[in-house]
Amino acid sequence: MSILRAEWTKFWTVRGWVLGTVAVAGLIMVFGLAPGMSGSCGKHGPASECKPLIGPAGVEVKDGFTFVHQPLSGDGSVTVRVASLTGEIFTGPGASQPGLAPWAKAGLMVKSGTTPGSTYAAIMLTGSHGVRMQWDFTHDKAGPSGSGPQWLRLSRAGQTITAAASPDGSAWTDVGSTQLTGLPVTAEVGLFVTSPQYSTEFHEGLLNGSQGGPSLATGTFEQLTAEQGWSGTAWHTDWIGGKPDWSETPETEQEGSAFRVAGSGDVGPTGAGVSATQTLVGTFTALIAAVVLGAVFMSTEYRRGLIRTTLAAGPRRLHVLAAKAAVVGGVTFVCGVVAAAVVVVFGQRVLRANGVALLHTTTLTEVRLVAGTGALLAFSAVLALGLGTLLRRSVTAVTVAIVTIVLPYLLAVTVLPVEAARGLLRFTPAAAFALQQAVKQYPQVDDLYAPAVGYFPLSPWAGLAVLAGWTVLVLGAAAVLLRRRDG
């Protein structure tokens, strides 16, 4: 305890180190509370993105598709054969080419009504992901693979929806079932078709292809049959979410129990967007201040020849190293948490006031962002302390710390191809930046899941574990050398 008190006193009597702690917190707050990004909401004028569509799970969703439907009262089932699914990709004004988006969808859906964002369950054939069951936008379950014709069936028993698929209409495979809370007694059931944004460059994993164009899918349905509960009225076609205005989309064609339906849009979570992570843009510069502080906290003693005095006052050398790690780690953690809490709370208000539409962030995620930022800075400072012990020279230790901890992140989000960036952020200390990811990756949403747009290859706590592992390794090596070499 006396060694810890001595290191704490030493830290606060050096003006440069105190200013370093101020810099750690100040850089986060300066960048997080600055006006920075602007958008088209609020004072900058109305726009559609200012009014996000919220689904049953409380997250932003997209709900745009062609729906050929009629009411179903009570229990019942509907069966159809999806004979084909074709597509068209729009490459510019008046220009298009044949092509099917991987997440183009054609199948059966039961929905509480025609209001966008309302609860639903669906069984579908997709462009390249086989048969899937999806419900309430965020849930997805794989069925049989392949892109050939498929028989699909959707059944309702109370609020339980069951989906099944068959290659021949005889041997059926249950894909899954779900409870749709709030599904009314009379729901809308029928055929649906949709097709999301798409670009060839995007699906080759290139960053410059992240902005795709619209696409259109056309499903051919045969032998549509229904059992129980059907109203017997004519099938009615609706464009849920509004009919796209970028093309002349073919109208639904019906011949007996056969249908040809074209659709565009998407049914699923929104995916990427501006989130609370944007308020933490100052972490990168604060991290530089933290590693400088950690490195010089030990290397300065070698430069000034004070290490002998320190070790003479505390002969238990590992205790001295542990005390220094506790002081520098504790200080940077507290600074990081306080600054992150301020910018996460007030930075989001600044962004909204500046016209930016932010994705919804849960309270637990915000807590993880705040605590994770503190942990990222603290472990990085302690790792730099270990490097300062190993290398003993301030300039060398600071340089190695920045190259080891900061540079991998900078390369990953700026110049490296997506796969190389992901690899770098799996094994280097910069993996801990995953603690600041607030946007969820959904398997049923095509997006450029790259570090440059806020997605990391590891989960938040796995990323922290990588940084912690490097810290333990470097600090362990420093402890060995401190015992054998110094003093």
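**Figure 1. Helix α9 and the covering of its buried residues in the predicted model.** In this predicted model, α8 (394-414) is included in what covers the buried residues of α9. Helix α9 spans residues 418-427, and its buried residues are Val-418, Ala-421, Arg-422 and Leu-425. Viewed down the helix axis, these buried residues fall within an arc of 100°, so they line one face of α9. Glu-419 and Phe-427, on the other side of α9, are exposed.

**Figure 2. The largest cavity of the predicted model.** One cavity of 30 Å³ or more is counted. The largest cavity holds about 50 Å³ of space. Its lining comprises 11 residues, and those nearest the centre of the cavity are Leu-72, Leu-154, Ser-155, Arg-156 and Val-189. Two strands, β3 (76-92) and β9 (150-157), each contribute at least two residues to this lining.

**Figure 3. Residue classes in the lining of the largest cavity.** Seven nonpolar residues form part of the lining of the largest cavity, together with three polar residues and one charged residue. Among the lining residues nearest the cavity centre are Ser-155 and Arg-156.

**Figure 4. The second largest pocket of the predicted model.** About 510 Å³ of space lies within the second largest pocket. A total of 25 residues line this pocket, with Ala-438, Val-439, Lys-440, Gln-441 and Tyr-442 lying nearest its centre. By class, the lining of the second largest pocket is made up of 11 nonpolar, 11 polar and three charged residues.

Notes:
Residues are numbered from 1 along each chain as its sequence is written. This is a predicted model: local features need pLDDT of at least 70, side-chain atom pairs count only at pLDDT 80 or more; totals for chains, interfaces and linings use all residues. Side-chain values use heavy atoms; hydrogens and water are left out. On a 1 Å grid over the protein atoms alone, a cavity is a set of points where a 1.4 Å probe fits but cannot get out, and a pocket is an open set with protein on both sides within 12 Å along at least five of seven lines; lining residues have an atom within 4 Å of a point. Grid points are joined across faces, edges and corners, and a volume is the space filled by probe spheres set on the points. Helices (H or I, at least four residues) and strands (E, at least two) are DSSP runs, numbered from the N terminus. Ala, Val, Leu, Ile, Met, Phe, Trp, Tyr, Cys and Pro count as nonpolar, Asp, Glu, Lys and Arg as charged, and the others, Gly among them, as polar. Buried means under 20% relative accessible area, exposed over 50%, partly exposed in between (1.4 Å probe, protein chains only). The arc is that of the directions from the helix axis to the C-beta atoms. Contact means heavy atoms within 4.5 Å.
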